[in-house]
Amino acid sequence: MNFEIAKDPINVQAVIDKVIQREAGAITTFIGTVREWTKGKKTVYLVYEAYEPMAVKKLEQIGTEIQERWSGAQVAITHRVGKLDITDIAVVIAVSTPHRNDAYEANRYAIERIKEIVPIWKKEHWEDGEEWIGNQLETVPYPTGKPEEKDFHE
Amino acid sequence: MNKLLFFAHLRDEAGHESVEIDAAGKTVAELKQMVAEKYGVQKLDSSMTAINEEFSSNEEVIKEGDTIAFIPPVSGG
């Protein structure tokens, strides 16, 4: 189970342990945390929600994409759902590869793809209100009804 | 019958997490129009759609028993 949606706090080491391999010369980890201030607004807490079975499938797809692009890569991703407080860990991505440059690149690829194709939503709770993020500004149109195939740009 | 799933702000707008509806034979675009009218959901145009947990285009035709999820722009990570 390298790709998980978790309701409880994420154990970072447990995610890293899943990608340990004798062939690896590097493991990179990305730890996404809950930030207090965004553009002058103070977040009190967040709630993450997932379409869980599809989210797991899409995380698995990201793992497959990485293995196709970066030879010998092992990937593990856990994303948390539910109520998260400031500084809590929302997502942990671990990637191991034979050489370090690939581990950095592949890990960056994973978080960017999560933000494109994994059905997880964040609701910001501020002192004076709340809002589902990713919808109100309508900055992400989907003219064909699904995400476009596109290359990863760093 | 078909199961429709609403998430995030779409669920708030629709007032339902899921509903049962007969959508077989309709395209995704036709279903979106129908749902927008029936449940008063405004932002389906900027939502993606998944049929049986896989992204689908607006042209895809829905089959009996399919589960259709409306996926607002995602904000994980």
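How many aromatic pairs does the structure hold over all chains? There are five of them, where rings of Phe, Tyr and Trp (for Trp, its six-membered ring) pair if their centres lie within 6.5 Å. This is a predicted model, in which local features need pLDDT of at least 70 and side-chain atom pairs count only at pLDDT 80 or more, while totals for chains, interfaces and linings use all residues. Residues are numbered from 1 along each chain as its sequence is written, chains are lettered from A and ligands numbered from 1 in the order in which they are written, and side-chain values use heavy atoms, with hydrogens and water left out.

Begin by selecting Tyr51(A), Trp121(A) and Phe7(B), which together form one aromatic cluster.

Next, select Ile71(B), which touches Tyr51(A) and Trp121(A), and also, among others, Met54(A), Pro119(A) and Phe55(B), not counting residues up to four places away in sequence; contact here means heavy atoms within 4.5 Å. Ile71(B) is one of the residues with the most contacts inside the largest nonpolar core, which has 42 residues, and Ile66(A), Ile77(A) and Ile114(A) are also named there. A nonpolar core is a set of buried Ala, Val, Leu, Ile, Met, Phe, Trp, Tyr and Cys residues joined through side-chain atoms within 4.5 Å, with buried meaning under 20% relative accessible area, exposed over 50% and partly exposed in between (1.4 Å probe, protein chains only).

Now colour strand 3 of chain B, residues 48-51; strands are DSSP runs (E, at least two residues), numbered from the N terminus. In a regular strand the side chains alternate between the two faces of the sheet. Here Met48(B) and Ala50(B) point one way, Thr49(B) and Ile51(B) point the other way, and all are buried. Strand 3 of chain B runs antiparallel to strand 5 (residues 67-71) of chain B, joined to it by four bridges, and strands count as paired if DSSP finds at least two bridges between them. Ile51(B) has Ile68(B) as its bridge partner in strand 5, and stands opposite Glu54(B) in strand 4 of chain B. Strands 3 and 4 of chain B form a hairpin with two residues between them, and Asn52(B) in the turn has a positive phi of about 50 degrees.

Finally, move to Lys41(A), in strand 4 (residues 41-50) of chain A. Its charged end sits over the ring of Trp126(A), 3.7 Å from the ring centre, a call that requires NZ of Lys or CZ of Arg within 6 Å of the centre and within 35 degrees of the ring normal. Lys41(A) counts as partly exposed because its relative accessibility is 36%.

Methods
Phe/Tyr/Trp six-rings, centres within 6.5 Å; stacked < 30°, edge-to-face > 60°.
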